[in-house]
Amino acid sequence: GTGDFTLSVKINIQQLTTKTDRSNYLFGIGNKKDPELGYFNVSYMQNTSMKLNQIAVGVHNENGKVTNWCGYIPVGEFAEIRLVRKDDLFTVYLKYDANTRGVRTTKITLISTQAINFTSDCNLGFSSNIGAQNPGDFPAYYDDILIYDYALPI
């Protein structure tokens with residue numbers, strides 16, 4: 001449904017990507033009948049000046065798409081990404097930001113309660129893909145995938 005949730009995952013991206021756009025997808029949800037309805041995705045690209053993989057979270061609200069750049073993930077190490085929905089606030093939490101060497105949070109205000117909708121028509125997927133359909137440049141490793149039907153405190 002459209003209630004509160006927490007999704008936590010540890011990701012290890014093995015190399016610095018050559019892509020300088022958001023076409024490297026890591027995980028997200030989407031509706032198989034209507035790909036524009038209520039999705040979110042986590043992707044990454046190379047920040048060329050910093051030589052780090054930069055994490056982005058895209059959220060589709062009923063009235064439009066919002067993309068937020070949420071920090072930098074270390075190359076070749078596990079980093080925890082936690083997504084928390086509490087009412088109409090969607091918080092992205094990086095336990096270790098490779099640039100600041102600390103915790104980083106990004107808050108996205110959802111336009112409506114329908115902005116992210118976990119239903120039986122929704123698929124949650126994890127993979128390192130280019131453009132959500134083609135295999136990625138190199139593997140990303142996932143560990144400790146946890147999903148809660150409530151919002152954990154950040």
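In what order do the elements of the protein run from the N terminus on? They run β-β-β-β-β-β-β-β-β-β-β. The protein has 11 strands and zero helices. This is a predicted model.

## The protein as a whole

Of the 154 residues, 45% count as buried. The protein exposes about 7,400 Å². Carbon and sulfur atoms supply 47% of that area. Contacts across the sequence matter for reading this fold. Take the contacts with a separation of 6 or more: residues 24 or more positions apart account for 62% of them.

## A sheet of five strands

Which strands make up the open sheet, and in what order? The order is E8-E7-E6-E1-E11. The pairing is antiparallel. Strand E8 (104–109) and strand E11 (140–148) stand at the edges. Each has a single partner strand, so one side of each is left without a neighbour in the sheet. Neighbouring strands of this sheet are turned by 15 degrees against each other on average, with direction ignored.

Strand E1 and strand E6 (residues 78–86) run antiparallel and are joined by eight bridges. Ile11 stands opposite Ala79 in E6.

## Thr6, a residue of strand E1

Thr6 lies in strand E1. Is Thr6 buried or exposed? Thr6 counts as buried because its relative accessibility is 0%, and the cut-off for buried is under 20%.

The side chain of Thr6 reaches the backbone oxygen of Tyr150 at 2.8 Å. Leaving aside neighbours within four places in sequence, Thr6 is in contact with residues from two stretches of numbering and beyond, including Arg82, Leu83 and Val84. Leu146, Ile147 and Tyr148 are also among the contacts of Thr6. Thr6 and Arg85 are 79 residues apart in sequence. In space, they are 6.4 Å apart, C-alpha to C-alpha.

## Aromatic pairs

How many aromatic pairs does the structure hold? It holds four. Two of them are set out here.

| Aromatic pair | Centre to centre | Angle between the planes | Arrangement |
|---|---|---|---|
| Phe5 and Phe90 | 6.2 Å | 55 degrees | tilted |
| Tyr148 and Tyr150 | 5.5 Å | 55 degrees | tilted |

The pair of Phe5 and Phe90 links distant parts of the chain. Phe5 is in strand E1 (residues 5–13), and Phe90 is in strand E7 (residues 89–94). They are 85 residues apart. Phe5 is buried, with a relative accessible area of 4%. Phe90 counts as buried too, at 0% relative accessibility. Ring pairs also bring in Phe40: Phe5, Phe40 and Phe90 are linked into a cluster.

Tyr150 counts as partly exposed, at 42%.

Asp149 lies in the segment after E11. Is Asp149 buried or exposed? Asp149 is exposed because its relative accessible area is 66%, and the cut-off for exposed is over 50%.

Asp149 touches Asp4 and Phe5, not counting residues up to four places away in sequence. Asp149 and Gly3 are 146 residues apart in sequence. In space, their C-alpha atoms are 7.6 Å apart.

## Gln46, in strand E3

The place of Gln46 is in strand E3 (residues 40–47). Gln46 counts as buried, at 10% relative accessibility. Which residues does Gln46 touch, not counting those up to four places away in sequence? They are Leu16, Thr17, Thr18, Lys19, Thr20, Lys51 and Leu52.

Key:
Residues are numbered from 1 along each chain as its sequence is written. This is a predicted model: local features need pLDDT of at least 70, side-chain atom pairs count only at pLDDT 80 or more; totals for chains, interfaces and linings use all residues. Side-chain values use heavy atoms; hydrogens and water are left out. Rings of Phe, Tyr and Trp (its six-membered ring) pair if their centres lie within 6.5 Å; planes under 30 degrees apart count as stacked, over 60 as edge-to-face and the rest as tilted. Helices (H or I, at least four residues) and strands (E, at least two) are DSSP runs, numbered from the N terminus. Buried means under 20% relative accessible area, exposed over 50%, partly exposed in between (1.4 Å probe, protein chains only). Contact means heavy atoms within 4.5 Å. Accessible areas come from the Shrake-Rupley method with a 1.4 Å probe; for residues, only the protein chains shown count as cover. Two strands pair if DSSP finds at least two bridges between them. Axes are lines fitted to C-alpha atoms, for helices over the stretch in contact, and angles run from 0 to 180 degrees between N-to-C directions. A polar contact is a pair of N or O atoms within 3.5 Å; within protein, one must be able to donate a hydrogen and the other to accept it, and residues adjacent in sequence count only if both atoms are side-chain atoms.
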